[in-house]
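Have a look at the chain, then come back for the details.

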Amino acid sequence: MTYVKLPIFDQSGYVVVDSYDQSRDVREWENLVYVDWKSSGDTRFAPLASAYGEMECDGFWNHTPAKTDKDGVWVPKNVTIAPKLTERAREPGANIGRCRVIELQPNTYADAIYNLHRDDNNRLNPEGTGWIVRAFCNLTHNPESVMILREEKDDPATETRIPLPAGAQVVIDTQRLYHAVWHPSSEPRYCLITSYESGPELDTWITARHPIAVVPSAPVDPAHAQEAYAAADAKRAAREAALAAKGSDPTFGDGTLSADMSSAGMEVLSEA
Ligand SMILES: [Fe+2]
């Protein structure tokens with residue numbers, strides 16, 4: 001038994017689809033209720049759908065009863081504030097788990113490399129059902145910002161950098177690909193992030209939007225990249241040394257954050 005996955009993700013683990021005309025919509029995200037989710041202090045989240053409809057952003061598996069990242073319950077207050085964003089999230093017609101708007105403060109390439117992580121979307125997901133992937137719909141116009149994707153966490157040769165102008169839409173198997181956003185700006189970035197169950201509904205939505213499985217990477221200055229990698233390595237080493245001093249294993253084997261990291265307030269790394 002295995003999961004239902006869409007073949008279009010086989011090649012690269014992501015697809016870029018047609019951009020959405022963001023200019024035609026009001027900026028609903030400016031009025032949403034954001035939760036100060038435990039993080040490094042540079043993100044907040046506005047839940048549109050949560051595990052049980054509460055104004056919170058915890059993984060569905062951390063609730064009682066625990067559930068997989070499906071059957072999200074709409075959060076009445078934020079749905080009322082953002083009917084268009086809700087409509088967009090529901091457009092594919094696939095089962096939705098977590099659905100939220102992320103607010104990301106500006107960061108550096110080194111920060112983003114340090115933040116590379118994979119998600120835990122399919123915890124408790126029964127085999128034989130659809131694999132959870134996540135759609136990222138950029139709301140603010142951030143043409144200099146990029147979604148960084150890596151097949152191998154420590155191998156820059158596997159990196160793809162996808163630009164994030166307003167309306168950019170990319171669907172990612174975030175449990176397969178390491179990911180993080182580099183957001184060089186003076187203003188925060190806002191993005192609608194929705195967990196979808198793979199199946200015919202999502203396949204139809206993607207196929208109708210001219211999916212591209214491999215896009216050219218946005219350029220990065222090679223010297224700047226080397227500096228960023230070194231800075232990220234140094235930060236990781238410092239983190240691991242600090243955790244080792246506390247007797248904690250900094251990561252699970254697949255690179256996801258351990259409970260110790262979560263309790264240390266590092267949940268920010270579950271998003272992008
Ligand atoms: Fe993530």
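Over on the buried side of H2 sit Leu85, Thr86, Arg88 and Ala89. Looking down the axis of H2, those buried residues fall within an arc of 160°, so they line one face of the helix. The arc is taken from the directions of the C-beta atoms as seen from the helix axis. As a reminder, an α-helix has 3.6 residues a turn, so residues three or four places apart point the same way.

What covers that buried side? The cover includes S2, helix H1 (76-81), S4, S5 and S10. H2 itself spans residues 83-90 and lies across S2, S4 (96-104), S5 (132-138) and S10 (189-197), at about 35° to S10. That angle is between N-to-C directions, on a scale from 0 to 180 degrees, with axes fitted to C-alpha atoms, for helices over the stretch in contact.

## Ground rules

This is a predicted model, so to speak in its own terms: local features need pLDDT of at least 70, side-chain atom pairs count only at pLDDT 80 or more, and totals for chains, interfaces and linings use all residues. Residue numbers start from 1 along each chain as its sequence is written.

## The sheets

The protein chain has six helices and ten strands, taken as DSSP runs numbered from the N terminus (helices: H or I, at least four residues; strands: E, at least two). Seven of the strands make an open, antiparallel sheet, ordered S1-S8-S5-S10-S4-S2-S3; two strands pair if DSSP finds at least two bridges between them. S1 (14-17) and S3 (73-74) are the edges, each with a single partner strand, so one side of each has no neighbour in the sheet. S2 (residues 43-50) and S3 run antiparallel and share two bridges, with Ala49 opposite Trp74.

Then there is S6 (residues 142-150): seven of its nine residues are buried, so the strand is largely enclosed by the rest of the structure. Six bridges tie S6 to the antiparallel S7 (residues 159-164), where Arg161 is the bridge partner of Ile148. Another five link S6 to S9 (residues 178-182), also antiparallel, and there Arg150 has Tyr178 as its bridge partner.

## The core

Which members of the largest nonpolar core touch the most other members? Val101, Met147, Ile148, Val170 and Cys191, out of 60 residues. Such a core is a set of buried Ala, Val, Leu, Ile, Met, Phe, Trp, Tyr and Cys residues joined through C-beta atoms within 7 Å. Leaving out residues up to four places away in sequence, Cys191 touches Val101, Ile102, Phe136, Cys137, Asn138 and Leu139.

Across the protein chain, 43% of the 272 residues are buried.

After H5 comes Gly247, with a positive phi near 80°.

Thr108 sits in the loop between S4 and helix H3 (109-115), and counts as partly exposed because it has 16 C-beta neighbours inside 10 Å.

Key. Contact = placed C-beta atoms within 7 Å. Buried ≥ 20, exposed ≤ 12 C-beta atoms within 10 Å, placed from the backbone.
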